[in-house]
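Let us take a friendly walk through this structure, one region at a time. Please keep the viewer open as you read.

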Amino acid sequence: MSATTPPVHYRKVDQVIIALALVILPLVPALPPWITGLAVVCGAWRLVAARRGWRNPNRIVTAVVAIACGGGILLTFGQLNSQAAGTALLVAMVALKLMELRGRRDAILLVFLGYFLVVTNFLYSQELPVALWLFPVTIYLTMVLLDINRHGPPLPWRRRLRTAGTLSLQALPLMLVLFVLFPRVPGPLWGVPEPEGVAQSGLSDSMSPGSISQLGLSNELAFRVVFDDAAPDNNLMYWRGPVFWEFDGRSWSADSDHYEEGAVTRLPAGLEPLGPPLTYQVTLEANEQHWLLALDMPAANDMGGARYRDGQLLAVDPVRERERYEASSYTAYRLQPELSDHQRQRALDLPAQGNQRARALARNWAEQHDDHEQIVQQALNLFREDPYYYTLEPPLLDEEPIDEF
């Protein structure tokens with residue numbers, strides 16, 4: 001920018017900072033505290049500098065701070081291409097851009113970045129309150145943009161509000177056309193990779209105890225259910241999804257041939273219902289998996305080609321779009337399954353090495369009890385009597401995760 005470019009009036013700077021603050025505010029819970037602090041410090045400095053005519057920091061200093069911010073985000077999240085890390089990086093760059101704000105072009109660029117931050121909010125929540133907050137904020141961003149592009153004294157705020165509202169209404173038909181015609185990726189916006197060690201509650205095709213250090217409770221919709229009659233008691237609401245068989249010493253997973261091998265079109269012969277089935281309709285969100293969630297034990301369904309295996313209901317193709325199906329289940333039953341030698345071996349198979357303390361504990365239980373049910377009861381007693389507890393921030397575990405747990 002030329003040194004002769006006149007600086008933006010401090011009142012317009014105030015408006016830019018207020019607009020950016022309103023956009024960033026809903027993101028604060030998802031940001032590291034030091035990123036929020038950086039944004040506050042940069043905004044406060046710009047407010048004072050605009051009034052007192054201070055010079056902008058040296059570009060070398062700004063570049064060093066930017067590199068330090070990138071390194072700090074990399075250390076915090078372990079990567080830069082995840083949803084959380086990308087959002088933090090964008091907020092940090094907006095804050096540092098405030099340190100360079102001088103002319104009209106810089107102010108316009110910051111407003112455009114504010115529009116990007118508006119969209120970023122919907123990566124974390126698509127609830128109505130968020131939209132109700134961001135819609136007037138977007139109008140205010142447009143009012144600021146109108147004021148920045150006007151030479152001379154600012155327009156009265158009522159006139160700017162009317163103009164910004166008119167522009168938004170004029171854009172509404174185009175938005176509706178794009179919503180209808182533009183191809184959309186199945187599934188919600190939150191399908192963005194999370195950093196390693198950070199996860200949200202939900203279902204996955206594998207489970208690695210000790211690989212998650214931070215668990216966030218997700219309130220995103222997984223599926224809806226409407227019962228034909230009264231809903232069952234909560235203690236009967238066990239929804240069967242993926243069943244894991246294979247363990248490599250760290251991760252549990254379903255076998256790769258989970259649909260082809262052993263899947264049948266009828267329930268196992270050893271199933272003895274102890275009451276009438278419950279019937280219901282399920283609306284399942286896209287999950288890119290074969291699972292069709294059903295109450296345990298599923299008895300029937302209207303999904304063409306769906307099969308049963310391990311007590312779970314499986315679709316022929318992965319669920320890439322919202323699916324609706326009817327099903328019925330026995331919530332009271334007796335099951336006497338007959339495992340093949342292959343199934344039994346797969347369920348009991350362990351890696352050759354690792355977790356020696358857990359192996360020694362299991363051998364000790366086997367020496368004390370001849371009955372398998374007594375060994376299982378001994379394991380259950382361990383978890384009941386020792387001080388195990390639930391936490392959303394468990395410690396990461398290394399090479400011997402079961403022993404360390």
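Two strands count as paired if DSSP finds at least two bridges between them. With that in hand, we can turn to a sheet in this predicted model. It is an open sheet of three strands in the order β10-β14-β13, and the pairing is antiparallel. The edges are formed by β10 (291-292) and β13 (307-309), each of which pairs on one side only. If you zoom in on β13 and β14 (residues 312-314), you will find three bridges joining these antiparallel strands. As background, strands of a sheet pair through backbone hydrogen bonds, either parallel or antiparallel.

Next, let us look at a pair of helices. Two packed helices are described by the angle between their axes and the distance between the axes. Helix α1 (residues 10-24) packs against helix α2 (residues 33-52) with an angle of about 170 degrees, and their axes are 9 Å apart. Angles over 145 degrees count as roughly antiparallel, so α1 is roughly antiparallel to α2. On the α1 side, the contact is made by Y10, V13, D14 and I17, while α2 contributes G43, R46, L47, A50 and R51.

Leaving aside neighbours within four places in sequence, T62 is in contact with P57 and E100.

The backbone deserves a look as well. Most residues other than glycine have a negative phi, and most peptide bonds are trans. Against that background, N355 has a positive phi of about 50 degrees although it is not a glycine. You will find N355 in the loop between α8 (341-348) and α9 (356-368). With a relative accessibility of 7%, N355 counts as buried. A cis peptide bond runs from D296 to M297, with omega near 10 degrees. M297 is located in the loop between β11 (294-295) and β12 (298-301).

Finally, turn to the aromatic rings. How many aromatic pairs does a search of the whole structure find? The search finds eight. For a last stop, select F223, F227, W239 and Y280, which form one aromatic cluster.

Key:
Residues numbered from 1 in each chain as written. Predicted model: local features only at pLDDT ≥ 70, side-chain atom pairs only at ≥ 80, totals over all residues. Heavy atoms only, no water. Axes fitted to C-alpha atoms, helices over the stretch in contact; angles between N-to-C directions. Helix = DSSP H or I, 4+ residues; strand = E, 2+ residues; numbered from the N terminus. Parallel < 35°, antiparallel > 145°, perpendicular 65-115°, else oblique. Contact = heavy atoms within 4.5 Å. Buried < 20%, exposed > 50% of the residue type's maximum accessible area, 1.4 Å probe, protein only. Phe/Tyr/Trp six-rings, centres within 6.5 Å; stacked < 30°, edge-to-face > 60°.
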